[in-house]
Amino acid sequence: MSAGTVPRGTTVTTPDTTPAAVHDAVVDPTYDATAVRSAAVVVRAYSTSFGWACRLLGDGVRDHVRAVYALVRVADEIVDDPRPGLSVAERGELLDELEREVARARARGRSSNLVVHAFARTVRRFGIGDDLVAPFFASMRSDLTVTAYDEAGFAAYVHGSAEVVGLMCLRVFVAGDDAAYERLAPGAARLGAAFQKVNFLRDLAEDVDLRGRSYFPGLDVDAFDDADRDRLIADVDADLAAARVAIGDLPRSSRLAVRVAHDLFAELSRRLAATPAATIRRERVRVPGPVKARLVAGALAREALR
């Protein structure tokens, strides 16, 4: 049903495609469409690589995945706001306000915050529960006060900041197929973890020098060397390998995009592995645009052979 075919405020009955789906009784297509476009603006502004992958998603899932990522970015920007005059307490208040607004929007299906509205629309449609939303906000909140992690804390942080995001997207991909979700969830979580760990490594200088955070347990950043780099990359590559096995079982509407995202981060991992630790400590490693284009073309070719 297109936005132009339903008058504003029309009451409709929408058939459930999943047992967990929750549909609003009143449809406001103009407001919904505006919220969806707002989420897309956030995605384009904050992630080139993710934006590339999103464009390859099927029409039925693209807007919902963007809604998840946009909410994640808004929360992340609250805790990482670069303004020195914004206190930890003030950031915490902003994050608390965002979490409360998300909870209200999940309950009633509407928010005056367009990004939250888009996220709530997705959460309600695909039955994304508090088991995924609450850990996300818990990890974001820890960024306000925690500066170093032990193994257990690191695992909890990665779960809340990355694995649950992959699982939210998987809920969208499988559209209510609980058996498929359970089968593919370990791979989705491992892929989210790999993305996060790669970003921790490539953002090592910024996190330590600007924000005073060190995520990797037991890592002496001042003594960071090639052996440390290789150990961390081995962990990332194990996550990527586990995730890759599951990609082939994803629905066609999401498989290509996830494969591209996987391949982009695998390329980042390779580039990090070939970069001296001393350079990683100073500079952010990136994948050039032409290389991204080549990876997309390769994924498209492999998908065409399926």
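Helices (H or I, at least four residues) and strands (E, at least two) are taken here as DSSP runs, numbered from the N terminus. The structure is a predicted model, in which local features need pLDDT of at least 70, side-chain atom pairs count only at pLDDT 80 or more, and totals for chains, interfaces and linings use all residues. Residues are numbered from 1 along each chain as its sequence is written, and side-chain values use heavy atoms, with hydrogens and water left out.

On this assignment the chain holds 13 helices and 2 strands.

For overall dimensions, the radius of gyration is taken over C-alpha atoms, and the globule rule is 2.2 Å times the number of residues to the power 0.38. A compact globule of 306 residues would have a radius near 19 Å, and the 20 Å of the chain agrees with this. Along the principal axes, the C-alpha atoms fill a box of roughly 65 × 55 × 35 Å.

Burial is expressed through relative accessible area: buried means under 20%, exposed over 50%, and partly exposed in between (1.4 Å probe, protein chains only). By this criterion, 53% of the 306 residues count as buried. Accessible areas come from the Shrake-Rupley method with a 1.4 Å probe, and for residues only the protein chains shown count as cover. The accessible surface of the chain comes to about 14,100 Å², and carbon and sulfur atoms contribute 55% of that area.

Contact means heavy atoms within 4.5 Å. Among the contacts with a separation of 6 or more, 66% join residues 24 or more positions apart. As for charge, Lys and Arg count as positive and Asp and Glu as negative, while His and the chain ends are not counted; the place of a charge is NZ of Lys, CZ of Arg, CG of Asp or CD of Glu. The chain has 41 positive and 43 negative side chains, and 7 Å separates the centres of the two sets.

Two helices can be checked against their expected span, defined as 1.5 Å times one less than the number of residues. Helix α11 (residues 252–273) has 22 residues and should span 32 Å, in agreement with the 32 Å between its end C-alpha atoms. Of these 22 residues, 17 are buried, so α11 is largely enclosed by the rest of the structure. Helix α4 (residues 88–108), with 21 residues, reaches 30 Å from its first C-alpha to its last, close to the 30 Å expected.

The buried residues of α4 include R91, G92, L95, L98, E101, V102 and A105. An α-helix has 3.6 residues a turn, so residues three or four places apart point the same way. The packing partners of the buried residues in α4 are α3 (59–79), α5 (114–126) and α6 (130–142). Just after α4, G109 takes a positive phi of about 80°.

V116 is buried, at a relative accessible area of 1%. Leaving aside neighbours within four places in sequence, V116 is in contact with L71, L98, E101, V102, A105 and S111. V116 and A103 lie 13 residues apart in sequence and 9.6 Å apart in space, C-alpha to C-alpha. In helix α3 sits Y69, which counts as buried at 13% relative accessibility. Apart from neighbours within four places in sequence, Y69 is in contact with V43, Y46, S47 and F50; the C-alpha atoms of Y69 and F50, 19 residues apart along the chain, are separated by 9.0 Å.

Turning to α7 and α8, A175 is found in the loop between α7 (151–174) and α8 (178–202). Phi of A175 is near 50°, a positive value in a residue other than glycine, and A175 counts as partly exposed at 31% relative accessibility. A188, by contrast, is buried at 15%. Neighbours within four places aside, A188 is in contact with G166, L167 and L170. A188 and E163, 25 residues apart in sequence, have C-alpha atoms 7.2 Å apart.

Finally, P276 lies in the loop between α11 and α12 (277–280) and counts as partly exposed at 44% relative accessibility. Not counting residues up to four places away in sequence, P276 touches D226 and R229. The C-alpha atoms of P276 and D225, 51 residues apart along the chain, are 7.9 Å from each other.
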